[in-house]
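Subject: A structure for you to look at

Dear colleague,

My notes on what was found in it come after it.

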Amino acid sequence: MIILKSAEELRLMRESGRHCARIMQAIVARVRPGCTTGELNRVAEEEIAKAGLTASFKGYGGFPESICTSVDDEVVHGIPGPRRLEAGQIVSIDLGIIYRGFHSDMAVTVPVGEVEPEKRKLIEVTEESLCAGVAQATVGNRLSDISHAVQVHAERAGFSVVREYVGHGIGRQMHEGPQVPNFGPPGSGPILQEGMTLAIEPMVNLGRYQVYTDLDGWTVRTKDGTASAHFEHTVAVTAEGPQILTLPG
């Protein structure tokens, strides 16, 4: 079900998104060679607790931690733990929080120290693909206009877009309707309306788009072992155009 948000609900979601963005900044600031993914999770949990917030992910479907940390060929849903990050890797960090009953959800991919140019380009193109999708989140467009914009930008750069995992509506529930794929032809799906709130989240692979789930039941990896990047924003469809809610205030 697509749930349109009132002006007051959008205000609360914007506050939620600001908290999410601030906490993400604190996590990213700790990324360096030698730190563990568990340390990044602890930063998130400390910041969430200090602000009196709730982690969206912890316990969701049995997920054990408050953030997802996915390294190199890990696409999404990597579980933080004792793994030490190494120079030359890239790490995708996915964070969701709840503020006064409303979820916000965002993801970034960052280099660990110096990385090879191909990985840096992958990060840049994935973030640009997110921006291309967000730009299509305007009243009167079709949902697949977002999807198509993401796919076109990523594939023009020679990369591939993951098919099996998609964005989603968001609000009082972390996952609301509609699903937001990152691929497909334009001009189909629901008409975008004022008050819709969407988590748009391209997952882009250096190689082929096929993925599989690891033995832990959570971590999704590329089948060909190539690197993957993930960016996400919570976005509101408004009469004034798309508004990114997961930006620091």
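The notes below go from the whole chain to single residues.

Please keep in mind from the start that this is a predicted model, and that every value I quote was computed from it.

The chain as a whole

The protein chain has 4 helices and 15 strands, and its C-alpha trace spans about 45 × 45 × 30 Å along the principal axes. For 249 residues a compact globule would have a radius of gyration near 18 Å, and because the protein chain has 17 Å, the two values agree. Of these 249 residues, 53% count as buried, while the accessible surface of the protein chain comes to about 10,300 Å², with 51% of that surface belonging to carbon and sulfur atoms. If you look at the contacts in the protein chain with a separation of 6 or more, you will find that residues 24 or more positions apart account for 70% of them.

Charges and salt bridges

Side chains of opposite charge can pair when their charged atoms come close. The protein chain carries 23 positive and 31 negative side chains, and the centres of these two sets lie 3 Å apart. A search of the whole structure finds 14 salt bridges, and I describe some of them here.

One of them joins the side chains of Glu9 and Arg172, with a distance of 4.0 Å from N to O. This pair links distant parts of the chain, since Glu9 sits in helix 1 (residues 7–28) and Arg172 in the loop between strand 7 (167–169) and strand 8 (176–180), 163 residues apart. Arg172 has a relative accessible area of 48% and is therefore partly exposed.

Another salt bridge is formed by Glu47 and Arg22, whose closest N and O atoms are 3.1 Å apart. Glu47 belongs to helix 2 (residues 37–50) and Arg22 to helix 1, so this pair ties together parts that are 25 residues apart in sequence. Are the two partners buried or exposed, or something in between? Glu47 counts as buried because its relative accessibility is 16%, whereas Arg22, with a relative accessible area of 31%, is partly exposed.

Glu74 and Arg83 also meet through their side chains in a salt bridge, at 3.0 Å from N to O. Here Glu74 counts as buried, at 7% relative accessibility, and Arg83 counts as partly exposed, at 35%.

Met174 counts as buried, because its relative accessibility is 5%.

Arg100, in the loop between strand 4 (90–99) and strand 5 (102–111), counts as exposed, with 55% relative accessibility. Leaving out residues up to four places away in sequence, Arg100 touches Arg11 and Leu12. From Arg100 to Leu53 the C-alpha distance is 8.2 Å, and the two are 47 residues apart in sequence.

Details of the backbone

The peptide bond from Gly177 to Pro178 is cis, with omega near 0°, and Pro178 is found in strand 8. Asp72, which is not a glycine, has a positive phi of about 55°; Asp72 lies in the loop between strand 2 (67–71) and strand 3 (74–76) and counts as buried, at 17% relative accessibility. His77 likewise has a positive phi, near 70°, in a residue other than glycine. The place of His77 is in the loop between strand 3 and strand 4, where His77 counts as partly exposed, at 25% relative accessibility.

Conventions
Residues numbered from 1 in each chain as written. Predicted model: local features only at pLDDT ≥ 70, side-chain atom pairs only at ≥ 80, totals over all residues. Heavy atoms only, no water. Helix = DSSP H or I, 4+ residues; strand = E, 2+ residues; numbered from the N terminus. Rg over C-alpha atoms; globule rule 2.2 N^0.38 Å. Buried < 20%, exposed > 50% of the residue type's maximum accessible area, 1.4 Å probe, protein only. Contact = heavy atoms within 4.5 Å. Areas by Shrake-Rupley, 256 points an atom, 1.4 Å probe, with all protein chains shown as cover. Lys, Arg positive; Asp, Glu negative; His and termini not counted. Charge placed at Lys NZ, Arg CZ, Asp CG, Glu CD.
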